[in-house]
Amino acid sequence: MHAFHQVIHAFFNPHSYTLAMPDVWAGFQLNLRMMGIAEVLVLVLALGIAIVRGLPGPAARPLRALAIAYADFFRGTPIIIVAFLVGFGLPGLELGYISNRSVTTYGVIALTLVYTAYVTEVYRAGIESVHPSQRAAARSLGLSYMQAMRYVVVPQAVRRVIPPLLNDFIGLQKDTAIVSVIGVAEAAQSAGQFSNRNGDFPSYVVAAVFFILITIPLARFTDHLVAKRERLERAAAF
Amino acid sequence: MSTNGSAFVEINGVSKWFGDLQVLDKVTLNVPEHNVVCLIGASGSGKSTLLRCLNMLEHVEEGEIVVDGQRLTHEKVDVNALRRKIGIVFQAYNLFPHMTVLQNVMLSPRKALGLSRDEAEERARPLLRRIGLEAKANEYPDRLSGGQQQRVAIVRALAMQPKLMLLDEITSALDPQLVADVLELVRELADTGMTMILATHEMGFAREVADKVCFLDAGRICEEGRPQQIFSDPKEARTRQFLSRVLEAEKLQ
């Protein structure tokens, strides 16, 4: 019974919470920044790669192969290793601008590389789920291949993949803690330092709560978007 | 009806295969401007494929197609430019579900022809008025009945001011009571002199609007002629067989 109380105390000592809060919050702002930038980059890059992967014709074969190789490599490599490769590799290359970025930037690059590979597949599934007759209708109206993608196929595809997209974003948000291995002083890192100094664990609980708190509104917002779209587009009879 | 000069649509010995299956077999057909040609025949006889070839949605493997003096089957043809002159309407409407009715009609005038939003709307609204659906301009297609959706699909094609309309079994997916409105619109188009090729199962309608009826069987034009002749006095045994089966089916309804 004594051990149990010790654990409870080590995790839930109210006094430590007040102490840990500012440190972890300061770190968490870095997480928020990394998430925000990486998410925007991923959304744009992944869509581009998904479209390249779907390009028709033999002329686009090398591009398609490149897109496939990219997805294979970065989906297959653990993110912690990508973080090391980027965070320690790029500075070592002495490439001027690229090699003189902050660890936070390298963290964002690692996250973007890995999650773009995932999200490319999500987009691709969405694009393929749009019935070919939609593309035929668009093309038959004189729109070019790219216009048909831009105005007809991609908007429908994106709407369909919002839930799995959100799923990957939650993963990305949590993995901002993993890229801290290259020295980013984000929430999990700060929590660890606080825990070492103070000899207890409330800092970790605080960090966990922060991560959860930003996930929930995002999930509800997505549900709301999906439901609103459904209401607009579906027949009133349903 | 004018038949002078070279035909508006010339189809010369067109053949096509899906793998080993030959779906079109040396089809030859000329359509003068302002004429209406109806393609009849069983499912799988090649009617839809022929229409899709005319709009370059299917690749023609043999033979050639010339529309308005331009060879479609030429390798360097500007596909997008040619398609702007040729409207096609599909059995399943294929409206864009993420756009309102008005946006559906305005999309290609804006993006393919480069009209401004206002210009495109000026073009789209009268068309919607003509089919009695201006009030539905801001609704999404799924809120419309099948017949309404199909009429929107027709005016969406008309918004490009095509010189040729291809109608691919456009009433086949509709409840019988919704067919009449759609056919009425097609009749109007025929009256205004639109050149049209339609694949249809509506024999009564084909008899009424067509200048020429072609009976397709196994990818070949088995028999063609004026509607009175095809429907009242078919020469080919296969045509007679097909028509008597259709007639029986209509009696059962």
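**Figure 1. Where chain A meets chain B.** The contact draws 21 residues from chain A and 20 residues from chain B. Two residues are in contact if their C-beta atoms, placed from the backbone, lie within 7 Å. On the side of chain A that touches chain B, helix 6 (132-140), helix 7 (145-160) and helix 10 (202-233) of chain A each supply at least two residues. Helices (H or I, at least four residues) and strands (E, at least two) are DSSP runs, numbered from the N terminus. By class, this side of chain A has 10 nonpolar, 7 polar and 4 charged residues. Ala, Val, Leu, Ile, Met, Phe, Trp, Tyr, Cys and Pro count as nonpolar; Asp, Glu, Lys and Arg count as charged; the others, Gly among them, count as polar. This is a predicted model: local features need pLDDT of at least 70, side-chain atom pairs count only at pLDDT 80 or more, and totals for chains, interfaces and linings use all residues. Residues are numbered from 1 along each chain as its sequence is written, while chains are lettered from A and ligands numbered from 1 in the order in which they are written.

**Figure 2. Confidence in the model.** The model scores ipTM 0.89 and pTM 0.86. Chain B averages a pLDDT of 92, and 98% of the residues score at least 70. pLDDT is the predictor's confidence in each residue, from 0 to 100. In chain B, confidence is highest in helix 3 (residues 101-111) of chain B, at 97, and lowest in helix 9 (residues 237-252) of chain B, at a mean of 87.

**Figure 3. An open sheet in chain B.** Its 4 strands have the order 2-1-4-5, with antiparallel pairing. Strands pair if DSSP finds at least two bridges between them. The edge strands, strand 2 (21-31) and strand 5 (70-71) of chain B, each pair on one side only. Strand 1 (residues 9-18) of chain B is joined to strand 4 (residues 62-67) of chain B by 5 bridges. Here V9(B) stands opposite V67(B). Strand 1 of chain B is also joined to strand 2 of chain B, by 7 bridges. There V14(B) faces V27(B) as its opposite residue. These two strands form a hairpin with 2 residues between them, and G19(B) in the turn has a positive phi of about 65°.

**Figure 4. Strand 3 of chain B, a covered strand.** In strand 3 (residues 36-40) of chain B, 5 of its 5 residues are buried. A residue is buried if 20 or more other C-beta atoms lie within 10 Å of its own, exposed if 12 or fewer, and partly exposed in between; C-beta atoms are placed from the backbone. V36(B), C38(B) and I40(B) point one way, and V37(B) and L39(B) the other way. In a regular strand the side chains alternate between the two faces of the sheet. Strand 3 of chain B runs parallel to strand 8 (residues 195-199) of chain B, joined by 4 bridges. V36(B) has M196(B) as its bridge partner there. Strand 3 of chain B also pairs in the parallel sense with strand 9 (residues 212-217) of chain B, over 4 bridges. In that pair, the bridge partner of C38(B) is V213(B).

**Figure 5. T171(B) in its loop.** T171(B) lies in the loop between strand 7 (164-168) and helix 6 (176-191) of chain B. T171(B) is buried because 24 other C-beta atoms lie within 10 Å. Leaving aside neighbours within four places in sequence, T171(B) is in contact with V179(B), V182(B), L183(B) and E202(B).
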